[in-house]
Amino acid sequence: MNPFTEKVVEIIKQIPAGRVMTYGQIAALAGSPRGARQVVRILHAMSRKHRLPWHRVINAKGQIALQDPDMHSLQKLLLLGEGIELMDDRTVSLEHYQYHPMAGNMAE
């Protein structure tokens, strides 16, 4: 696994229940501010293998970005189950639920 991928996996693992992070936020913390699409690919390829809390990752608008209706519904249910309220069918208040880890807590 390359260093960026390792950092992304570690960051995602640290998102606590009831909180969310954005693809771009994770990419920036992992060292690639323009790497949001890479984060999407990493989640798609590695969520199951590494047991990542993929449902806690949303887009920069605070929205569930998944287009597949079944996966969208699953992500919505998992977020609701952790106490995260949606403002509509897909939008989370980043002001209330976004996780901002301290840089010192991130895996080196």
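1. The core. The largest nonpolar core has 17 residues. Those with the most contacts inside it are Phe4, Val8, Ile12, Ile26, Val39, Leu43 and Val57. Helices α1, α2 and α3 each supply at least two residues of this core. The most comes from α1, with 5 residues. A nonpolar core here is a set of buried Ala, Val, Leu, Ile, Met, Phe, Trp, Tyr and Cys residues joined through side-chain atoms within 4.5 Å. Buried means under 20% relative accessible area, exposed over 50%, and partly exposed in between, with a 1.4 Å probe and protein chains only.

2. The model. This is a predicted model, in which local features need pLDDT of at least 70 and side-chain atom pairs count only at pLDDT 80 or more, while totals for chains, interfaces and linings use all residues. Residues are numbered from 1 along each chain as its sequence is written, and side-chain values use heavy atoms, with hydrogens and water left out.

3. Not counting residues up to four places away in sequence, isoleucine 26 touches Val8, Ile11, Ile12, Ile15, Met21, Val39 and Val57. Contact means heavy atoms within 4.5 Å.

4. Helix α3. Look next at α3 (36-50). Its buried residues are Val39, Ile42, Leu43, Ser47 and His50. They pack against α1 (3-13), α2 (23-29) and β2 (57-58). The helix bends by about 40 degrees at histidine 44. That bend is the angle between axes fitted to the seven residues ending there and the seven starting there. Helices (H or I, at least four residues) and strands (E, at least two) are DSSP runs, numbered from the N terminus.

5. Serine 47 is in helix α3. At 12% relative accessibility, serine 47 counts as buried. Leaving aside neighbours within four places in sequence, serine 47 is in contact with Ile42, Leu52 and Trp54. Alanine 45 also lies in α3. Alanine 45 is exposed, with a relative accessible area of 58%.

6. After the helix. Arginine 51 follows α3 and is found in the loop between α3 and β2. Its phi is near 50 degrees, a positive value in a residue other than glycine. Arginine 51 is exposed, at a relative accessible area of 75%.

7. How much space lies in the largest pocket? About 450 Å³. Of the 15 residues that line the largest pocket, the closest to its centre are Leu43, His44, Ser47, Trp54 and Met71. Both α3 and α4 (69-81) supply at least two residues of the lining. Helix α3 gives the most, with 6 residues. A pocket is an open set of points on a 1 Å grid over the protein atoms alone, where a 1.4 Å probe fits, with protein on both sides within 12 Å along at least five of seven lines; lining residues have an atom within 4 Å of a point.

8. Lining by class. The lining has 11 nonpolar, 3 polar and 1 charged residues. Ala, Val, Leu, Ile, Met, Phe, Trp, Tyr, Cys and Pro count as nonpolar, Asp, Glu, Lys and Arg as charged, and the others, Gly among them, as polar.

9. Toward the end. Histidine 100 lies in the segment after α5 (94-97). At 55% relative accessibility, histidine 100 counts as exposed. Histidine 100 and histidine 50 are 50 residues apart in sequence and 22 Å apart in space, C-alpha to C-alpha.

Methods:
Points joined across faces, edges and corners; volume = space filled by probe spheres on them.
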